[in-house]
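Here is a short tour of a protein model. Keep the 3D view open while you read, and click along as residues come up.

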Amino acid sequence: MRRSALILGAMIWATHAVAGTFFTLEGHGGPIKGIAVSPDGHSILTASFDYAIGHWQDGAPRWLDGHDAAVNTVIFVDDARAVSAGDDFAVRLWDLRAGTSAVLGHHKGKVVSLKLAPDGQSVASASWDGSIGIWPLDGGVARLVQVGSNVNDVAYKADGAAILSAGSDGDIREWDVASGAQNALFLSNGFGVNTLVLNAERGWLAFGAVDGVTRVVDMHTAETIKDVTLDRRPILAMSQSRDGQYLAIGDGEGYIMMLDTSDWSIHADFRATHRGPIWALAFSADGENLHAGGLDDAMFSWPLRDPADAPKMVQGDRSFLNGNDSASNGERQFERKCSICHTLTGDSARRAGPTLKDVFGRRAGTVSDYSYSPTLLQSEIVWTAQTIDTLFDLGPDVYIRGTKMPVQRIKAPQDRADLIEFLRHYSETREN
């Protein structure tokens, strides 16, 4: 845990987290994948690549730990409860007062979006296993609606009896919640649809796609109301203000566009990051601020009056993001393959993996400030040049089955050797 970052985050919140001002929430150990604002507007939830959820209230975060992989999405049920999901396939219901959670169930693939039913009694999940999950919050029997292609987002219709799915096959389909049957093929985009925002009261549906298509259509006829497609792709995040006045759109190139839905004019269009995508967007309860998350370890919040004047996201110095031409190949391999999950300092800093400082000669599963999977806790592996080389040659999913480490390989032997040599500079033990 980065104590200085937590103190800074608390100070920033205390001094600047008021309507119409710029502020950040800092303390996570990885990129921000999801953001939610409580119904009463007094707290914020941030879901992160570091496996944790930050519950921001009264100036400081409370860390909600329970997931075994990156948390992609989180929503409030009410001021005291929330639901989260992520790369561990699990859907979790949180008691925010106690800081505890229970598993509602599992998909067979990563979960990327959650939506609360209009009656507040269940939550729908979009998963890359090709299904929509319907999870009753009272412990009732869950249902999986089989869509076929990866599901990237969902949106309930007004009465909660039907739900729309955004698929990687480019189709938006309508499903009967009770039976799981398809009601209609609503629209075909041709390229994968990533995100949906439905405003049933005003009768429009907005969607963003892999090819950059950004359209608002009539929710009954699917005819185009407004096409705001620009030469930016993919579209990764959308959010509407609670009063429906503004629609925010974030893309893979780091831009945020805000539309005034009264006439679909562009209220603001600005580059929000120095580098990298916009993965998460959420408006403050009063509609005065827009919160955003991306590659940085912090949530940024811009005032809607003039957001383009505020600082940009991604302030860090990760060399794989900012083009450090002087870096050695070993450093480049570390930055590309390791730096989002691991530090080279003496603490793990709430990252998705333990610190790699002094890794040589260390038995796996023994860093005191990191919560390991049972697989690593029971492992007999000692990290040496040979075992690190084998880890990246075979891949973590083969070498250590059951590990939380993301599936990745370094195929070139020289790249593995250069990474190992780079790590030696951060280890007092130099044994092979």
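Which residue in β24 does Gly250 stand opposite? Gly250 faces Ile256.

## Before we go on

This is a predicted model, so local features need pLDDT of at least 70 and side-chain atom pairs count only at pLDDT 80 or more, while totals for chains, interfaces and linings use all residues. Residues are numbered from 1 along each chain as its sequence is written, and side-chain values use heavy atoms, with hydrogens and water left out.

Strands here are DSSP runs of E with at least two residues, and helices are runs of H or I with at least four, both numbered from the N terminus. Two strands pair if DSSP finds at least two bridges between them. Strands β23 (residues 246–251) and β24 (residues 255–260) run antiparallel and are joined by 5 bridges.

They belong to an open sheet of 4 strands, ordered β22-β23-β24-β25 and paired antiparallel. At the edges you'll find β22 (235–240) and β25 (265–271), each pairing on one side only.

## Around strand β16

Next, look at strand β16 (residues 171–176). Because 5 of its 6 residues are buried, β16 is largely enclosed by the rest of the structure. Buried means under 20% relative accessible area, exposed is over 50%, and partly exposed is in between (1.4 Å probe, protein chains only).

Strand β15 (residues 162–167) runs antiparallel to β16, with 5 bridges joining them, and Ala162 has Asp176 of β16 as its bridge partner. The two strands make a hairpin with 3 residues between them, and Gly170 in the turn has a positive phi of about 90°. β16 is also joined by 5 bridges to the antiparallel strand β17 (residues 182–188), where Leu187 stands opposite Ile172. This hairpin has 5 residues between the strands, and Gly180 takes a positive phi near 80°.

## Rings and charges

How many aromatic pairs are there? The count is 9. Rings of Phe, Tyr and Trp (its six-membered ring) pair if their centres lie within 6.5 Å; planes under 30 degrees apart are stacked, over 60 edge-to-face, and the rest tilted. One of the pairs is Trp204 with Trp264, edge-to-face at 5.2 Å centre to centre and 85° between the planes. It links distant parts of the chain: Trp204 is in strand β19 (residues 204–209), and Trp264, 60 residues apart from it, is in the loop between β24 and β25. Both Trp204 and Trp264 are buried. Elsewhere, ring pairs link Phe22, Phe270, Phe300 and Trp302 into a cluster.

A charge can sit over a ring too: NZ of Lys or CZ of Arg has to be within 6 Å of the ring centre and within 35 degrees of the ring normal. Arg232 lies over the face of Tyr255, 3.8 Å from the ring centre. Lys33 has its charged end over the ring of Trp279, 4.9 Å from the centre.

## Cysteines and a helix

A disulfide is a pair of cysteine sulfur atoms within 2.5 Å, and the count here is 0 disulfides. Cys338 is buried at 4% relative accessible area, and Cys341 counts as buried at 8%.

Finally, helix α5 (residues 385–394) has these buried residues: Ala385, Thr387, Ile388, Leu391 and Phe392. After α5 comes Gly395, with a positive phi near 100°.
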